[in-house]
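User: I would like to know what the terms used for this model rest on. Please set each value against its definition.

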Amino acid sequence: PSARIDLDLEAPGADVSPRLFGTFVEHMGRCVTDGIHEPGHPAADEQGFRTDVLDLVRELGATVVRYPGGNFVSGYRWEDGVGPRAERPVRLDAAWHSTETNAVGLHEFADWAQRAGLEVMEAVNLGTRGPTEAADLLEYANHPGGTTLSDRRRAHGREEPFGIRLWCLGNEMDGPWQIGHKTADEYGRIAAETARLMRFIDPDIELVAAGSSNHEMPTYGAWERTVLRHTATLVDHISVHAYYEQSGDDVASFLASAAHLDRYLDETATIIDEVRAELGIERAIGISVDEWNVWNQTRWNEVDKPRVFTGDWPVAPRLIEDEYTATDAVVVGSLLISLLRHADRVSMANLAQLVNVIAPIRTEPGGAAWRQSTFFPFRDTAGAARGRLVPLRVSAPSTPTTRYGEVPVIDAAATTDGDTLALFLVHRGLAAPCEVRVPLPSDDWGGSDVEARVLAASGDGGWTAVNAAGNEAVHPIPLTVRRDGDDLVLLLPPISWARV
Ligand code: AHR
């Protein structure tokens, strides 16, 4: 097959916010403990953080980091994680049936995030707690001093406020699995009251209301409407969580996951606009896709969950340590294309999670840290997408999928900062390569040497290969781009993601 991508370089496009390339660190499994933090590891610094992991996090190029959960936050007492380590309580973490040592808390994490170049996006507990504790945490973190809470922060070694700007009002409160699960009205009320109080304390913060846990929730839509009716004048964003997996041997539908995310984002944007119109609100409310990824939840439900929830209470158990194939990486790349395409409505997005737990980075205790296949499309998109979105039209043959009907085999997004152009493409066809032609107004764009890379399931890694310690076989390789006059011409292998 062959395809053509027509770019409209003169048309206006939404700014691409660096916040589209956020990530997520939860106190879950081995993300914090034995992930970013492992005192005693040969690469650990004086605080116990692994410098080899820190180097990979920097290389990944993420911008924002959501913390400390996730389901964990709905039972978390933030005070447990501050003050002298020896005095911190050890607690049961009911969300993940684990033991939480509290060796890492706000101070350590904020220092680490700063060194990693990540802006902290802090979630408050609206499961077992409410406005008072959220306001206390905000005062502790952001108030300069002269109050008991802010002076406690200073006594704990942090003279200057943390200045955390982004705050999530709870997590997945629509889910019956959530500690403190609520109806939309119950959540809407507590989210609004928490937001009001937090804004009184620090008017500069941005607040994220918790939207649906996934598009298939029976309450999706109604949840957003109700929650926004309570909170629309008080919040800046509403969240969307979206995880994708292959069902059986249906690779074609899995590869078309971005079609589902497109629909989910479009519908959520419509609901936001309907409520804004209903309430006469002019201010924009962004979509914070603050958990998204490929996650084999069938495995979680059938293997991990029964083992975890019938066992004892381990510290840092191996939870949802998905190992990613090239196909998974292609889907991650395609989901990034969907996020870019919605840059006008998506104000933030967080790849969930960062280390070990459904993560682009894996580690072994005492051993190596390495990049999973999904690391590469994220790193290369975050590194190259800048400026504004370039409107484009893809003309390509379609391919059938069981879940989403016919979808074009090629999907793409492009950005430009005025001088350079970045193009992100996926080929969702299963069998044959596809020649893609991209007419450009002149060869000024990219010059004669256009640098491109491709990651393909049919490449070195094959269909099932995954990376492991000391073996990153699944990675992008150089892709030849031919110039035909002013056109760029490239040959994409089946099941591939490319960055030009
Ligand atoms: O990222 C793993 C879990 O997925 C998070 O804790 C939760 O918010 C979601 O269900």
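Analyst: The answers below go through helix packing, the ligand shell and the domains. This is a predicted model, in which local features need pLDDT of at least 70, side-chain atom pairs count only at pLDDT 80 or more, and totals for chains, interfaces and linings use all residues. Residues are numbered from 1 along each chain as its sequence is written.

User: Why are H3 and H4 called oblique to each other?

Analyst: The axes of helix H3 (residues 131-142) and helix H4 (residues 148-155) cross at roughly 50 degrees and come within 7 Å. Axes are lines fitted to C-alpha atoms, for helices over the stretch in contact, and angles run from 0 to 180 degrees between N-to-C directions. Helices here are DSSP runs (H or I, at least four residues), numbered from the N terminus. Angles under 35 degrees count as roughly parallel, over 145 as roughly antiparallel, 65 to 115 as roughly perpendicular and the rest as oblique. H3 and H4 are therefore oblique.

User: Which residues of H3 and H4 meet?

Analyst: From H3 they are Asp-136, Glu-139, Tyr-140 and Ala-141, and from H4 Leu-149, Ser-150, Arg-152 and Arg-153. Two residues are in contact if their C-beta atoms, placed from the backbone, lie within 7 Å. By class, this contact has three nonpolar, one polar and four charged residues. Ala, Val, Leu, Ile, Met, Phe, Trp, Tyr, Cys and Pro count as nonpolar, Asp, Glu, Lys and Arg as charged, and the others, Gly among them, as polar.

User: What handedness does the crossing of H5 and H6 have?

Analyst: H5 passes H6 in a right-handed crossing. A crossing is right-handed if the near helix is turned clockwise from the far one by less than a right angle, and left-handed if anticlockwise. Helix H5 (residues 184-201) and helix H6 (residues 222-231) pack at about 30 degrees, with axes 8 Å apart.

User: What makes up the shell around the ligand, by class?

Analyst: It has two nonpolar, six polar and three charged residues. Among the residues surrounding the ligand are Glu-26, Met-28, Asn-71, Glu-172 and Gln-353. A residue is counted as near if its C-beta atom, placed from the backbone, lies within 6 Å of the molecule.

User: Where do the domain bounds come from, and how many residues are in contact?

Analyst: The bounds come from an automatic or database domain assignment. The chain is divided into domain 1 (4-8 + 390-499) and domain 2 (17-386). 39 residues of domain 1 are in contact with 36 residues of domain 2. On the domain 1 side, the largest share, four residues, comes from S18.

Note on methods: Helices (H or I, at least four residues) and strands (E, at least two) are DSSP runs, numbered from the N terminus.
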